[in-house]
Amino acid sequence: MDKSIQPCPSNSQGSPQTISEESCYLPPPSPMAQKTVLITGCSSGIGLALAVKMATDEQKRFKVYATMRNLTKKDNLVEVAGNTIGNTLEIKQLDVCSEASIKMCVSSIPNRRIDILVSNAGMGLIGPIECQTIEEMQKVMDTNFFGLVRLLKEILPDMKRRKSGHIIIISSVMGIQGILFNDVYAASKFAVEGFCESLAIQALKFKLNLTLIEPGPVLTEFENKVFEDGMKMDLSATDEETAEMFVNIYLKNYKQIFETLGQTAEDIAEHTVKIILAENPPFRHQANALYTPMTTLKYADPNGDLPIDTFYKMIFQHDKIFSASLNFIKLLRWKSKKSFDLGGTSSQ
Ligand SMILES: NC(=O)c1ccc[n+]([C@@H]2O[C@H](COP(=O)([O-])OP(=O)(O)OC[C@H]3O[C@@H](n4cnc5c(N)ncnc54)[C@H](OP(=O)(O)O)[C@@H]3O)[C@@H](O)[C@H]2O)c1
C-alpha cells in the first residue's frame with residue numbers, strides 16, 4: 001500500500017479528507033466510493049491534463065467524464081489516457097454554449113450523479129476594444145460566463161438535493177485584476193467570480209463546496225490561439241498610439257511573460273486535485289506563487305489605485321526594469337529546474 005497519504009472517510013460535505021501516514025491507513029475505496037467527476041473542455045490544456053491525472057489515480061478514487069464540444073478533437077486525450085478509457089475515464093460531447101448538449105450529457109451519466117464538477121472550458125480575447133466586434137465579445141461572455149451558468153442550472157439542483165458536491169471553476173488571476181488589452185476576457189472572469197461569490201453563500205446552506213482556481217499564465221493552446229489572433233488583428237479601427245502600444249509593448253512582451261511566469265497544464269491539474277482532496281477546500285486558490293504579489297496589490301488599497309498605478313509604471317515608465325526582472329526570474333527558474341513550489345509534496 002502506498003503509505004505516503006491516504007484518504008479518510010468523507011466529511012459531512014462529502015469531500016474526502018487527506019491525512020498523513022502517521023494518523024491513518026485505509027484500504028483503497030471500493031468502486032462504490034468512487035467520486036464521479038465531470039470536466040468541460042478536455043480536448044486540450046488544463047482540462048485534458050486534469051482528466052488524465054484523475055483517471056490515472058492509483059487508488060481509482062475518481063470516475064471521470066471528460067467532455068469536449070467537438071469529439072473529432074479527442075485524439076490527444078485518447079492517446080494520453082491510454083487504458084483508462086472505458087474504465088476510469090469516459091469521453092462525452094458537451095458544448096457549454098448549448099443547453100441541449102449539457103442536458104444530453106448529464107442525462108447520460110448514471111443517476112445523473114456528478115460529485116465533482118470542473119468548469120474549465122474557456123476562451124481568450126486580446127486587443128483594443130475598437131478592433132473587436134460585439135459578436136466576438138459576446139462569444140467570450142457566452143463561453144466563459146454563461147457556459148458556467150448553463151452547467152450549474154443543470155447540475156446544481158441534483159447536488160442540492162443530495163446535499164453533497166464540489167464545484168470547481170477554472171477562473172484566472174484576471175478574475176481578480178484586469179490587465180492591459182484583456183478588457184473583455186477579464187470582464188468574463190470577473191463575472192464568473194461575482195456570480196460564484198453570491199452562489200457560495202447558498203451553496204454553504206446545502207453543504208456544497210465551491211472553489212475558484214485562479215491560474216496566472218499557463219502554457220497551453222489558449223496562449224497560442226490568443227497570440228495568433230492578436231497578431232492577425234486588423235488594427236485600422238484604432239488610433240496609431242493604441243495600435244503601437246498593442247503591437248510593440250503588449251504583443252512584444254507576451255511570449256516572454258508566458259515563458260517566464262507560465263505554468264504547465266499539469267501544474268494546474270496538480271493544484272486542482274489538491275483542492276479536491278482537501279478537508280476544507282478554500283473558496284479561492286491562486287495557483288501561481290510568482291503572480292501573487294501582483295494580486296495582493298488589489299487588496300492592499302481599497303481605492304483601487306495601487307494595482308493600476310503599478311501596472312502603468314511597470315509598462316510605461318520602468319519597462320526596462322520590468323524586462324530585466326522577467327529575465328532574472330527566468331534564470332532562477334531555469335537554475336532550479338523546478339516549475340513552482342506547490343506547498344509540499346503532492347497529495348496524490
Ligand atoms: N492558459 C492560460 O494562460 C490560462 C490562464 C488562466 C486561466 N485559464 C483558463 O483555463 C481554462 C482552460 O484553458 P486552457 O489554458 O487549458 O486552454 P485550451 O487548451 O485552449 O483549452 C480550452 C478548452 O475549452 C474548450 N472550449 C472552448 N469553448 C467551448 C465550448 N463552447 N464548449 C466546450 N468546450 C469549449 C476548448 O475546446 P476546443 O478545442 O473545441 O476549442 C478547449 O478544450 C479556461 O477557462 C481559461 O480561461 C487559462
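1. How many of the residues of β8 are buried? In this predicted model, 6 of the 6 residues of β8 are buried, where a residue counts as buried if 20 or more other C-beta atoms lie within 10 Å of its own, as exposed if 12 or fewer do, and as partly exposed in between, with C-beta atoms placed from the backbone. Both faces of β8 are covered, with Asn209, Thr211 and Ile213 on one side and Leu210, Leu212 and Glu214 on the other.

2. Residues are numbered from 1 along each chain as its sequence is written. Because this is a predicted model, local features need pLDDT of at least 70 and side-chain atom pairs count only at pLDDT 80 or more, whereas totals for chains, interfaces and linings use all residues.

3. The protein chain holds 11 helices and 9 strands, these being DSSP runs numbered from the N terminus, with helices (H or I) of at least four residues and strands (E) of at least two. Of the 348 residues in the protein chain, 34% are buried. Among contacts between residues at least 6 apart in sequence, 76% join residues at least 24 apart, a contact being a pair of residues whose C-beta atoms, placed from the backbone, lie within 7 Å.

4. Strand β7, which spans residues 166-170, is mostly covered, since 5 of its 5 residues are buried. His166, Ile168 and Ile170 point one way from β7, while Ile167 and Ile169 point the other way.

5. Strand β6 (residues 116-119) pairs with β7 in the parallel sense over 4 bridges, and Val118 has Ile168 as its bridge partner in β7. With β8 (residues 209-214), β7 again pairs in the parallel sense, over 5 bridges; here Ile170 stands opposite Ile213, and Ile167 has Leu210 as its bridge partner. Strand β9 (residues 284-286) runs parallel to β8 and is joined to it by 3 bridges, with Glu214 standing opposite Gln286.

6. A right-handed β-α-β unit is made by β6, helix α4 (residues 134-162) and β7, and another right-handed unit is made by β7, helix α5 (residues 183-205) and β8. The crossover is called right-handed if, with the strands pointing away from the viewer, the path from the first strand over the helix to the second runs clockwise.

7. UniProt lists Tyr185 under "active site"; Tyr185 lies in helix α5 and is buried because 24 other C-beta atoms lie within 10 Å. Apart from residues up to four places away in sequence, Tyr185 touches Gly124, Leu125, Val140 and Met174. UniProt lists Ser172 under "binding site"; Ser172 sits in the loop between β7 and α5 and is buried, with 29 other C-beta atoms within 10 Å. Leaving aside neighbours within four places in sequence, Ser172 is in contact with Lys189, Glu214 and Pro215.

8. The shell around the ligand counts 30 residues, of which Gly41, Gly45, Ala121, Gly122 and Phe222 come nearest, a residue being near a molecule if its C-beta atom, placed from the backbone, lies within 6 Å of it. The elements that give two or more residues to this shell are α1 (45-55), α4 and α6 (221-232). By class, the shell divides into 12 nonpolar, 13 polar and 5 charged residues, where Ala, Val, Leu, Ile, Met, Phe, Trp, Tyr, Cys and Pro count as nonpolar, Asp, Glu, Lys and Arg as charged, and the others, Gly among them, as polar.

9. Lys163, in the loop between α4 and β7, has a positive phi near 55°, and Lys163 counts as partly exposed because 13 C-beta neighbours lie inside 10 Å. Phe181, in the loop between β7 and α5, has a positive phi near 65°, but Phe181 counts as buried, with 21 C-beta neighbours inside 10 Å.

Key:
Two strands pair if DSSP finds at least two bridges between them. UniProt positions are given in the numbering used here, feature names are shortened, and annotations may be inferred rather than shown by experiment. Two residues are in contact if their C-beta atoms, placed from the backbone, lie within 7 Å.
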